[in-house]
Amino acid sequence: AEPVRHAGPVLEDTVWELRTLDGDPGVVGAGDRKPDIQFLADEMRAGGFSGCNRFSGGYSREGGSNHGSPLTFGPLAGTMMACAEGGELEQAYLQVLGRVDAFRLQGDTLSLLSGPDVLATFEPR
């Protein structure tokens with residue numbers, strides 16, 4: 001039998017660009033770049049641009065969630081450049097990632113959840 005192919009992007013192997021953070025759509029960091037995230041299945045590591053610096057850390061899809069597919073991040077480390085802009089966004093973004101316990105993929109939108117609450121939404125870059 002053929003493997004079931006999901007239409008549209010999958011969590012891994014897609015560069016996800018941040019669209020909303022805590023419901024706020026005005027999210028751009030240094031150089032007018034939006035934060036992003038990419039999940040590397042082979043290493044179970046996630047990383048990307050957090051608004052000023054780049055970050056990376058482990059993630060897990062184990063566990064349970066009533067609201068989506070389980071997803072949690074381990075400690076996330078970032079490069080430590082000082083930035084004239086994007087620093088506050090970066091702090092907020094990394095803080096939000098730390099609260100994630102699940103994700104939902106609907107069409108081209110990736111939502112990161114904490115319980116029933118949508119913390120952040122992304123679209124493929």
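Read from the N terminus, the elements follow the order β-β-β-β-β-β-α-β-β-β. The radius of gyration, taken over C-alpha atoms, is 14 Å, close to the 14 Å given for 125 residues by the globule rule (2.2 Å times the number of residues to the power 0.38), so the protein is as compact as a globular protein of that length. Along the principal axes, the C-alpha atoms fill a box of roughly 55 × 25 × 25 Å. Because the model is predicted, local features need pLDDT of at least 70 and side-chain atom pairs count only at pLDDT 80 or more, whereas totals for chains, interfaces and linings use all residues. Residues are numbered from 1 along each chain as its sequence is written, and side-chain values use heavy atoms, with hydrogens and water left out.

The accessible surface of the protein, computed by the Shrake-Rupley method with a 1.4 Å probe and, for residues, with only the protein chains shown as cover, comes to about 7,000 Å², and 49% of this area belongs to carbon and sulfur atoms. Of the 125 residues, 37% are buried, a class defined by a relative accessible area under 20%, with exposed meaning over 50% and partly exposed lying in between (1.4 Å probe, protein chains only). Among contacts (heavy atoms within 4.5 Å) with a separation of 6 or more, 48% are between residues 24 or more positions apart.

Trp16, located in strand β1 (residues 15-21), counts as buried because its relative accessibility is 0%. Its side chain reaches the backbone oxygen of Leu11 at 3.0 Å, a polar contact in the sense of a pair of N or O atoms within 3.5 Å, of which, within protein, one must be able to donate a hydrogen and the other to accept it, while residues adjacent in sequence count only if both atoms are side-chain atoms. The C-alpha atoms of Trp16 and Arg125 are separated by 5.7 Å, although the two residues are 109 residues apart along the chain.

The loop between β1 and β2 (36-40) contains Asp22, which has a positive phi of about 50° without being a glycine. Asp32 is placed in the loop between β1 and β2 and likewise has a positive phi, near 60°; with a relative accessible area of 62%, Asp32 is exposed. Most residues other than glycine have a negative phi.

In the loop between β3 (45-49) and β4 (54-60) lies Asn53, which counts as buried at 3% relative accessibility. The side chains of Asn53 and Thr79 are joined by a polar contact of 3.1 Å. When residues up to four places away in sequence are not counted, Asn53 touches Gly48, Thr79, Met80, Met81, Cys83 and Glu90.

Strands pair if DSSP finds at least two bridges between them. Strand β7 (residues 102-106) and strand β8 (residues 109-114) run antiparallel and are joined by five bridges, with Gln106 opposite Thr109 in β8. Their hairpin has two residues between the strands, and Gly107 takes a positive phi near 60°. β8 also pairs with strand β9 (residues 117-124) in the antiparallel sense, over five bridges, and Ser114 stands opposite Asp117 in β9. In the hairpin formed by β8 and β9, which has two residues between them, Gly115 in the turn has a positive phi of about 60°.

Key: Helices (H or I, at least four residues) and strands (E, at least two) are DSSP runs, numbered from the N terminus.
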